[in-house]
Amino acid sequence: MPADGVPQIVDTAQALAHAARTLAAGTGPVAIDTERAHGYRYLPRAYLIQLRRRGSGTHLVDPVALDVDGLGSGLGPLAEALSGTEWILHAATQDMPCLAMEGLRPHAVFDTELAGRLLNLPRVGLGAMVEHYLGVHLLKEHSAADWSRRPLPADWLVYAALDVELLDELRARVLDDLRSAGKLAWAEQEFEHLAAIGAGLPATPGPTDPQRWRRATGLHDVPTRAGLQVVKDLWWARDAIARETDIAPGRIVNDRALTGFAAHCGDRVTLTADDLARSSGLGKGRARRYADRWRAALATSASTRPADYPPKRVRHDGPPPPRSWERHHPDEAARWERVRPAMNALAETLDLPPENLISPECLRQLCWAPPRDDSPLGVDAFLADLGARRWQRDAVAGPLSRLLRA
């Protein structure tokens, strides 16, 4: 159980004002966590925000109850109280987008998960790190629960409060290890980078990737371009329904129902409304409520000219996966085969995961189209343009320059 007991949920303007005053009067960094409803709701918003600060205690804030205008602007007093504070987050990139949707953006960040990666810990989940450093076993059975339900069960609130109770102490222990390992300056640059990302996040999710439908499970079982057209139109119809109802798309109808139906398509779209009605996925259960939408989507597919059907493969910006380079791009493949093992070996020497030393995307870009100036300064500038931090460039620019010149 939490040391101070489980606090009441902050779900009124008066309770929010009190929580904001208490947090502003506290000292030190603010431990923050969020609970979402991934797999249950369409919007990636926070359904509970947990905060704790020394001298303030723990606060469980219900942003939905406080969102009176539907614009995510109900937490103004909390944003003011957090202004200028350092946030302690675990896996900050997961929490910052939904916090930004509520008007909360960080001034400074300490990410305990990222710190664990820089320390090359074998496991960096919150439960594993709390157990490693503090000897406390946190139960994680509610991490994938539907946090949009109301009222929230009492044991869920215990779980939520405990997720922030130990973050400040965990930060202190991790900070000591970063300092002892000579990695504190690295971590500070990473945290500054995270804070800049968080400060620039939009209040509403950005535009949807127009090719997102291609990630549907089972798409490889659809053999024809006509079938791809059917998947595309059904997928976007489902997405529109999910957005309107705020229900996760997979709970309306799963991907396999869409791709399984489209797999029967020949070279032209000849599937009919009767085929939809007989479909085991689209003609039954919750999906059956939206029969008119599926028929409209199928009609769109049927009226599309075959020349306009989606191609089986899409050109992507940037380099293709390195595994495909050897046959058609031997020079690039040879660079990759020199660079990747060398960076893995350097990461091992520095006691880091390779992806934290330098991102795989930076290496792909470098091997695919290296800078004309392959001196250490030229490589440094190239990596800086790709967002690599100063400490990373200091570690890899020289070795990469020598590898490019080999």
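Let's start with how helix 19 and helix 20 pack: their axes come within 8 Å and cross at roughly 130°. Axes here are lines fitted to C-alpha atoms, for helices over the stretch in contact, and angles run from 0 to 180 degrees between N-to-C directions. That angle makes helix 19 oblique to helix 20; under 35 degrees counts as roughly parallel, over 145 as roughly antiparallel, 65 to 115 as roughly perpendicular, and the rest as oblique. The crossing is right-handed, meaning that the near helix is turned clockwise from the far one by less than a right angle.

A quick word on where this comes from: it is a predicted model, where local features need pLDDT of at least 70, side-chain atom pairs count only at pLDDT 80 or more, and totals for chains, interfaces and linings use all residues. Residues are numbered from 1 along each chain as its sequence is written, and side-chain values use heavy atoms, with hydrogens and water left out. The helices are DSSP runs (H or I, at least four residues), numbered from the N terminus.

Which residues of helix 19 meet helix 20? They are Pro376, Val379, Asp380, Leu383 and Ala384, and their partners in helix 20 include Arg393, Ala397 and Ser401. Contact means heavy atoms within 4.5 Å.

Now look along helix 20 itself, residues 390-405. Still, helix 20 bends by about 40° at Val396, and a proline, Pro399, follows within four residues. That bend is the angle between axes fitted to the seven residues ending there and the seven starting there.

Ser401 touches Asp374, Ser375, Pro376 and Val379, leaving aside residues up to four places away in sequence. Other buried residues of helix 20 include Trp391, Val396 and Leu404. Among the elements covering the buried residues are helix 5, helix 9 and helix 16.

Compare Ala297 in helix 14, which counts as buried at 7%. Ala297 touches Asp233, Leu234 and Ala237, again not counting residues up to four places away in sequence.

Conventions. Helices (H or I, at least four residues) and strands (E, at least two) are DSSP runs, numbered from the N terminus. The expected span of a helix is 1.5 Å times one less than its number of residues. Buried means under 20% relative accessible area, exposed over 50%, partly exposed in between (1.4 Å probe, protein chains only).
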